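Welcome, and thanks for taking a look at this one. Please open the sequence and the structure side by side before reading on.

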Amino acid sequence: MTIQSADQKVLFGQSYYLRFDPKLYAAMQPYPPLGTLYAASYLRSRGYGVDLFDAMLAESESEWDVALERSQPGIAVLYEDNFNYLSKMCLLRMREAAFAMVRMAAARGCTVIVAGSDATDHAQAYLDAAPSTC
């Protein structure tokens, strides 16, 4: 059974942009965001409408905003892939990308959920990234 309520539509994403990591961008060895895919698959099996945004080959955070517009989710999830060492590479730039993505989703009225080691280690910074209306 699929839940039709707009506030139950979920957009999953992650904030690892290969382009923001010059060394690995030069090597051009992208990887699939397995953790994000597993989480999205689980919610889909529970009847949620699920869309996916893979930042790996995206040009910038603005592509997340396009995905938000297209999906119109009630819930936006940034689920960082902890299965790969890349989740700790160029961390400051990826954190800034995550903050931008949080702000974009919150500005559209989404409930924003962030999961991953960096969000756990710096929870207050992630909470502060969202507008005070969240």
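Predicted model: local features only at pLDDT ≥ 70, side-chain atom pairs only at ≥ 80, totals over all residues.

The protein has 134 residues, and 43% of them count as buried. Its secondary structure comes to six helices and four strands.

**Overall fold**

- Followed along the sequence, the elements come in the pattern β-α-α-β-α-β-α-β-α-α.

- The four strands make an open sheet, with parallel pairing and the order S2-S1-S3-S4.
- Strand S2 (50-53) and strand S4 (111-115) are the edge strands, each pairing on one side only.
- From one strand to the next, the twist averages 20°.

**Strand S3 and its neighbours**

- Strand S3 (residues 75-79) pairs with S4 in the parallel sense, over five bridges.
- On the other pairing, strand S1 (residues 10-13) joins S3, again in the parallel sense, over four bridges.
- Ile-75 has its own counterpart in S4, standing opposite Thr-111.
- How covered is S3? Four of its five residues are buried, so the strand is mostly covered, taking buried to mean under 20% relative accessible area.

**Helices H3 and H4**

- Helix H3 (residues 62-71) packs with helix H4 (residues 91-107) at an angle of about 25°, and their axes lie 10 Å apart.
- Angles under 35 degrees count as roughly parallel, and H3 and H4 are therefore roughly parallel to each other.
- The crossing of these two helices, H3 and H4, is right-handed.
- Which residues make the contact? On H3 they are Ser-62, Trp-64, Asp-65 and Leu-68, while H4 brings in Met-101, Met-104 and Ala-105.
- Sorted by class, the contact of H3 with H4 has five nonpolar residues, one polar and one charged.

Methods. Residues numbered from 1 in each chain as written. Heavy atoms only, no water. Axes fitted to C-alpha atoms, helices over the stretch in contact; angles between N-to-C directions. Parallel < 35°, antiparallel > 145°, perpendicular 65-115°, else oblique. Left-handed = near helix turned anticlockwise from the far one by under 90°. Contact = heavy atoms within 4.5 Å. Nonpolar A, V, L, I, M, F, W, Y, C, P; charged D, E, K, R; others polar. Pairing = 2+ DSSP bridges. Buried < 20%, exposed > 50% of the residue type's maximum accessible area, 1.4 Å probe, protein only.
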